[in-house]
Amino acid sequence: MNCEHATSTQPTLLNNIFRRITSTGRYIPEIDGLRFIAIISVLLVHAHAWLVAHLGITDVTRIQGLSTLAPWLMRGGYGVPIFFVISGFILSLPLLQGGAFSYRTYLLRRLTRLEPPYIISMMLIFVLLLITGKYTFNEMLPEFLASLVYLNNIIFPDTLPMVNGVTWSLEIEVQFYLLCPALGLLLRNNKYQLLYYILLLLIALAVQKWAEPDFLSLISVGSYFLLGYVLAYAYLRKPLFSLPPLARDMITLASFITIWALLIPIGTDRSGSFIWYILEHVNLFLFFYMVVVQRGLPAVFTAPVIATIGGMCYSIYLLHFALFSVLGRALVTLDLFEDTTTTYYVSMVLLLLGAIGISSVFYLLLERPFMQRDWHRKWIGRLRGIQDYGASGHAQTLEPEFKEEVPPPRST
């Protein structure tokens, strides 16, 4: 991230080993706390779906407590829109704050930060699918190549990506990365900036409800990224209100519960009233605002374990689908328990722990090293056996995307 503020949270061994490396050295633990909510939601819905399918659970009432639990688990897909809001916030924040901007460096940073773990994970899963015989080389190759250039949603719009089904959302993220600077730079000095972002958000909502394209794209979910712009605008200004800690925490909790208990089942399927769809976004903004600006429930969103898992969300997201399949099949084959209820709940826990544990190794070895801003220059220098020097005789580094650091939110 390029826009993270310092916090009073005391570093721990867990933080030191797993903490994400940021471009400016400034860190917002609340953002990783929000990432935790998003990734755990996705893990729960996918683990539940896998177990229901592979344990032959045709009737959830057969599993004690699952008839009550299943509807909540199935709402876990909302974790992806939460990711979109986070992306909109962290990428637009430095744009709205000001300072000189280098589009070349911005794109290079996205490329060197995100592409290596993405390509490595895609290749690993491709080989795994070949070994297990799920698909043939010829079946996978076209979609594998399309996914590598983030065009699977467009070239193969009728199905999710074959190699790694969850990468449909990453293709949309890339579309946003390309357009984000233009929108941020165009409006950042306009006195009606906030009104324009809200207007664009409403237009995006209308398009998503009544004119959504046949294939998944930024047009399909653009309102969530735009919500991130609105949040960034609010973050850079004095808080709208001041609350005592208890009231702040209660509002944060209430807005969080409202997301899952009311607005997802009523408004987000886009079949209901447009007003409900708007209210969903208003409540989502309130939740983010309370966590990031008002620091609601800090004991939760800045807790080391939660922030650490949230910080590894990219690796977890890339790998969890394949890991569920491998680990799940092993558990089903072992047939450790006689009754389906015990098998379901124990397997759910083991799948979650296994996916997070294995992904954490991938994160340490194959994602975190690429968080270093100029890692590619260092690698090239090592391969050449020399250090890359400029005419001045000093080691060259890329110019920063922004010449100014983004400050923490203003206090009242």
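Modeller: Let us start with threonine 252, which touches Phe287, Met290, Val291, Gly296, Leu297 and Phe301, leaving out residues up to four places away in sequence. Keep in mind that this is a predicted model.

Colleague: Where is threonine 252 placed? And why does threonine 252 count as buried or exposed?

Modeller: Threonine 252 is in helix 11. Buried means under 20% relative accessible area. Threonine 252 has 0%, so it counts as buried.

Colleague: What else is in helix 11?

Modeller: Phenylalanine 256 and tryptophan 260 both lie in helix 11, which covers residues 245–267. They are 4 residues apart, about one turn of the helix.

Colleague: What makes the pair of phenylalanine 256 and tryptophan 260 stacked or edge-to-face?

Modeller: A pair of aromatic rings is described by the distance of the centres and the angle of the planes. Rings pair if their centres lie within 6.5 Å, and planes over 60 degrees apart count as edge-to-face. For phenylalanine 256 and tryptophan 260 the centres are 6.0 Å apart and the planes are at 65°, so the pair is edge-to-face.

Colleague: Which residues do ring pairs link into a cluster?

Modeller: The cluster holds Tyr78, Tyr224, Phe256, Trp260, Phe287, Phe288 and Phe301. Two of these names, Phe287 and Phe301, are also among the contacts of threonine 252.

Colleague: How many aromatic pairs does the whole structure have?

Modeller: The search finds 26 aromatic pairs. One of them joins phenylalanine 84 and tryptophan 168, with ring centres 6.5 Å apart and planes at 85°, so this pair is edge-to-face.

Colleague: What makes you say that phenylalanine 84 and tryptophan 168 tie parts together?

Modeller: Phenylalanine 84 lies in helix 4 (residues 79–97) and tryptophan 168 in helix 8 (residues 168–187). These parts are 84 residues apart in sequence, so the pair ties them together. Phenylalanine 84 and tryptophan 168 are both buried.

Colleague: Which charged residues sit over rings?

Modeller: Arginine 75 lies over the face of tryptophan 72, at 4.7 Å from the ring centre. Arginine 237 has its charged end over the ring of tyrosine 233, 3.6 Å from the centre.

Colleague: Now asparagine 283. Where is asparagine 283, and what does asparagine 283 contact?

Modeller: Asparagine 283 is in helix 12 (residues 274–292). Apart from neighbours within four places in sequence, asparagine 283 is in contact with Ser255, Thr258, Ile259 and Leu263. The side chain of asparagine 283 also reaches the backbone oxygen of serine 255 at 2.9 Å.

Colleague: Why is asparagine 283 called buried?

Modeller: The cut-off is under 20%. Asparagine 283 has a relative accessible area of 10%, so it is buried.

Colleague: How many salt bridges are there?

Modeller: The count comes to 4 salt bridges. Among them is glutamate 30 with arginine 295, where the closest N and O atoms are 3.5 Å apart. The pair links distant parts of the chain, 265 residues apart: glutamate 30 is in helix 2, arginine 295 in the loop between helix 12 and helix 13.

Colleague: What makes arginine 35 and aspartate 32 a salt bridge?

Modeller: The limit is within 4 Å. Their closest N and O atoms are 2.7 Å apart. Arginine 35 and aspartate 32 are 3 residues apart in helix 2, so about one helical turn separates them. Both are buried.

Colleague: How do you know that the span of helix 2 agrees with its number of residues?

Modeller: At 1.5 Å a residue, the 26 residues of helix 2 should span 38 Å. The end C-alpha atoms are 37 Å apart, so the two agree. Helix 2 is mostly covered, with 19 of its 26 residues buried. Just after helix 2, glycine 56 takes a positive phi of about 65°.

Terms used: Residues numbered from 1 in each chain as written. Predicted model: local features only at pLDDT ≥ 70, side-chain atom pairs only at ≥ 80, totals over all residues. Heavy atoms only, no water. Helix = DSSP H or I, 4+ residues; strand = E, 2+ residues; numbered from the N terminus. Buried < 20%, exposed > 50% of the residue type's maximum accessible area, 1.4 Å probe, protein only. Polar contact = N/O pair within 3.5 Å; in protein donor to acceptor, adjacent residues only side chain to side chain. Contact = heavy atoms within 4.5 Å. Phe/Tyr/Trp six-rings, centres within 6.5 Å; stacked < 30°, edge-to-face > 60°. Lys NZ or Arg CZ within 6 Å of the ring centre and 35° of its normal. Salt bridge = Lys/Arg side-chain N within 4 Å of Asp/Glu carboxyl O. Expected span 1.5 Å × (residues − 1).
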